[in-house]
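Student: I would like to learn how to read helix packing, nonpolar cores and aromatic pairs in a model. Please take them one at a time.

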Amino acid sequence: MPRQARLDVPGALHHIMTRGKSCEKNIIPSFQKILILFFYFFSILFLDCTNLKEIRYECTPKFSFAVLADPRDGRDTWRNAILEIRDMKINPKPFFNRAEFLIVAGDMDPLEERYNDYNELFAESSAKPKFLPVIGNHEFENGGKHFRYARDIIIPLIPNVVRRHSKSCDYYFDYMNARIIAVDGYSELGKNGVINNIGMEWVEQIIMSTPENIKHVFISFHEPAFPRYSHLNDAFNESLRERDAFWEMLVRHRGKVRAVFVGHTHNYYRMRVFYPSGVKANSFTDFPDEEEGIYQIDAGASGKGDINTIVQVQIDYILEPCRQKMALINRLK
């Protein structure tokens, strides 16, 4: 049976559900899908709704995106994850839309092979999600070959991407009412997965520059700020000063910043942190859920993890004129 939990955030309603059903048991008997973070919000768009049936359909458009991490050389499991994103077979009657884009939160090596898998499996699909790579520590193996492939081949193909500059893998991408910020914690904006002060200032600038129609900001980098299960002392928390300063900056912008997606540990877990220097945030056995905090979600692994996971996020919104009509109909009932 699926497990479901509700997460409360001001202005948003969230759910997470996990299912333990395998995509192809002969390949990945431990495959899981993590379903789903829902973000409900209002967007002022104009649509003429004429009756209740149309209101229920037309006034609740939604979109979703998927997050994977650490496929590495786990080819079969990675391909199974891509097939599930494409075909959505785990849930026969899904209550979420197909992913519009795919965030891969680092360690994609061999990147050209994993990217070719994605292109091959979506070759005949009319709904190919955009591929958003995030740099991990293994992208610098083989003389930086995988880093350069992301920088020079994949990122330039993202429609309307805004890059920090052409030689970096730091960028942001807007889709409808969401902004995704990808940070390379190994080059100019960080070292060994620790985002430095320049990186913090750049991320804050991008958050503050969001236009009014952007309601949700998501940030992705590879190494968790609050690791669990593995890499307990050699992730972003290797420098507590820089980690705490970065997280406190996110909390200051909690009106728009919703979640941080990471990888690295090959284990799925989530937490919500308001006090980055607090006891719970820094306990390796605790998973705090602190009011008004920012979510950190480790997407686990889509390659060589003991349990291989997909995280899928769905954003729902109601069109403003229809919301008013829905309120009127509810009063008349």
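Predicted model: local features only at pLDDT ≥ 70, side-chain atom pairs only at ≥ 80, totals over all residues.

Student: How are two packed helices described?

Tutor: By the angle between their axes and the distance between the axes. Here the axes of H5 (residues 197-208) and H6 (residues 240-252) come within 10 Å and cross at roughly 10°. That makes H5 roughly parallel to H6, since angles under 35 degrees count as such.

Student: Which residues of H5 and H6 meet?

Tutor: From H5, Asn197, Met200, Val203, Glu204 and Ile207; from H6, Glu242, Ala245, Phe246, Met249, Leu250 and Arg252. By class, this contact has seven nonpolar, one polar and three charged residues.

Student: What should I look for in a core?

Tutor: In soluble globular proteins, nonpolar side chains tend to be buried together. The largest nonpolar core in this model has 52 residues, and Phe65, Phe101, Leu102, Phe131, Phe218 and Phe261 touch the most other members. A second, separate core of 31 residues includes Met200, Ile206, Trp247 and Val257.

Student: How is a pair of aromatic rings described?

Tutor: By the distance of the centres and the angle of the planes. Phe65 and Phe218 are edge-to-face, at 5.2 Å centre to centre with 70° between the planes. Phe65 lies in strand E4 and Phe218 in strand E12, so the pair ties together parts 153 residues apart in sequence. Phe65 is buried, with a relative accessible area of 0%, and Phe218 is buried at 0% as well.

Student: Where do Tyr115 and Tyr118 lie?

Tutor: Both are in helix H3 (residues 111-121), three residues apart, about one turn of the helix.

Definitions and conventions: Residues numbered from 1 in each chain as written. Heavy atoms only, no water. Axes fitted to C-alpha atoms, helices over the stretch in contact; angles between N-to-C directions. Helix = DSSP H or I, 4+ residues; strand = E, 2+ residues; numbered from the N terminus. Parallel < 35°, antiparallel > 145°, perpendicular 65-115°, else oblique. Contact = heavy atoms within 4.5 Å. Nonpolar A, V, L, I, M, F, W, Y, C, P; charged D, E, K, R; others polar. Core = buried A, V, L, I, M, F, W, Y, C linked by side-chain atoms within 4.5 Å. Buried < 20%, exposed > 50% of the residue type's maximum accessible area, 1.4 Å probe, protein only. Phe/Tyr/Trp six-rings, centres within 6.5 Å; stacked < 30°, edge-to-face > 60°.
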